[in-house]
Amino acid sequence: MSETAGSVMLARAAMSRAAPEAQRPAGRPVRGMRRISAALAGLAASTRHELLTFDDPAASAGRAIPEPFLELAGACMRAATERACEVRRIVPRHALPHVAGTVDVPGRARLTDAIPFKMILVDRTVAAVPLDLELLYNGLLLIRDPVVVQALVRAHQTSWETGEELAGASAPPRELPPQLRPVLDALLSGLTDEAAAARLGMSPRTYSRRVGELMHALGTTSRFRAGAEAARRGWL
């Protein structure tokens with residue numbers, strides 16, 4: 001078994017058990033948009049020294065997640081990033097279109113073939129992991145158990161050591177790539193992703209990927225702002 005796989009298994013095993021000495025759960029589940037938003041805001045406000053993340057910005061593309069939540073989550077992460085002295089972000093290679101051009105953001109980022117789960121870890125004292133391991137919007141586990149937190153730190157460190165430094169990534173294009181014009185039109189038409197994919201003769205997965213490429217081209221992660229940004233650039 002590889003060191004990376006071993007660290008991930010250790011982290012998952014630690015998250016799934018209670019700390020026997022304290023006789024309490026290793027984490028507290030948080031559900032509901034308001035409570036999740038409050039938990040993310042609390043993490044951002046408590047950040048002082050270090051922020052470690054496993055992040056997949058492409059995971060929310062094509063999902064029915066309210067724009068206000070996406071905006072708030074993004075604002076919380078930016079606030080935490082600005083407050084931390086050390087920031088280490090690990091993203092999967094397929095999400096490169098969503099992070100290219102952000103190398104000037106404080107901290108460092110590395111690419112890996114995949115991430116084991118989405119995670120926010122603050123000052124090696126508290127972590128947030130999605131209950132489904134993918135989307136914080138679906139609920140998160142707020143973890144303070146020292147053993148579990150240390151296991152998560154170790155899993156992150158192992159992935160960091162084997163990751164590829166994100167450097168020299170291309171900035172968003174100044175002109176709309178021709179293949180993305182139909183995607184922009186479909187997005188602005190208000191169609192569901194399923195209907196848009198069918199209209200364009202794409203699979204839902206391909207359409208979701210193209211939407212991610214469009215968001216990168218627009219320099220935003222918000223569909224709500226896509227139209228305004230496209231208009232500002234003269235792409236409409």
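Leucine 133 is partly exposed, with a relative accessible area of 30%. The model is predicted. Leucine 133 lies in the loop that joins E6 to strand E7 (140–143). Its backbone stands out: leucine 133 is not a glycine, yet its phi is positive, about 70°.

Aspartate 123 is another such case. Its phi is also positive, about 55°, and aspartate 123 is not a glycine either. This residue sits in the loop between strand E5 (119–122) and strand E6 (126–130). Aspartate 123 counts as buried, because its relative accessibility is 17% and the cut-off for buried is under 20%.

**Overall make-up**

The protein contains nine helices and eight strands. Of its 236 residues, 45% are buried. What share of the contacts with a separation of 6 or more comes from residues 24 or more positions apart? The share is 70%. The protein exposes about 12300 Å² of surface. Carbon and sulfur atoms supply 54% of that area.

Helix H6 spans residues 181–188. Which residues of H6 are buried? They are Val183, Leu184, Ala186 and Leu187. These residues cover an arc of only 165° around the axis, so they lie on the same side of H6.

Against what do the buried residues of H6 pack? Three helices take part: H7 (193–200), H8 (204–218) and H9 (223–232). After H6 comes glycine 190, with a positive phi near 85°.

The contact with H8 can be described residue by residue. On the H6 side are Val183, Leu184, Ala186 and Leu187. On the H8 side they meet Tyr207, Arg210, Val211, Leu214 and Met215. By class, this contact has eight nonpolar residues, one charged residue and no polar ones.

How do H6 and H8 cross? Their axes come within 10 Å and cross at roughly 95°. The two helices are therefore roughly perpendicular to each other, because angles of 65 to 115 degrees fall in that class.

**From H8 into H9**

Glycine 219 is found in the loop between H8 and H9. Is glycine 219 buried or exposed? Glycine 219 is exposed, at 53% relative accessible area. Alanine 228 belongs to helix H9. Alanine 228 is exposed too, with a relative accessible area of 54%. Both values count as exposed because the cut-off is over 50%.

Two C-alpha distances link this part of the chain. Glycine 219 and alanine 230 are eleven residues apart along the chain, and their C-alpha atoms are separated by 9.9 Å. Alanine 228 and leucine 218 are ten residues apart, with their C-alpha atoms 9.8 Å from each other.

**Accessibility of single residues**

The table gathers the residues discussed one by one.

| Residue | Relative accessible area | Class |
|---|---|---|
| Aspartate 123 | 17% | buried |
| Leucine 133 | 30% | partly exposed |
| Glycine 219 | 53% | exposed |
| Alanine 228 | 54% | exposed |

Aspartate 123 is in the loop between E5 and E6, and leucine 133 is in the loop between E6 and E7. Glycine 219 is in the loop between H8 and H9, whereas alanine 228 is in helix H9.

Methods. Residues are numbered from 1 along each chain as its sequence is written. This is a predicted model: local features need pLDDT of at least 70, side-chain atom pairs count only at pLDDT 80 or more; totals for chains, interfaces and linings use all residues. Side-chain values use heavy atoms; hydrogens and water are left out. Buried means under 20% relative accessible area, exposed over 50%, partly exposed in between (1.4 Å probe, protein chains only). Helices (H or I, at least four residues) and strands (E, at least two) are DSSP runs, numbered from the N terminus. The arc is that of the directions from the helix axis to the C-beta atoms. Contact means heavy atoms within 4.5 Å. Accessible areas come from the Shrake-Rupley method with a 1.4 Å probe; for residues, only the protein chains shown count as cover. Axes are lines fitted to C-alpha atoms, for helices over the stretch in contact, and angles run from 0 to 180 degrees between N-to-C directions. Angles under 35 degrees count as roughly parallel, over 145 as roughly antiparallel, 65 to 115 as roughly perpendicular and the rest as oblique. Ala, Val, Leu, Ile, Met, Phe, Trp, Tyr, Cys and Pro count as nonpolar, Asp, Glu, Lys and Arg as charged, and the others, Gly among them, as polar.
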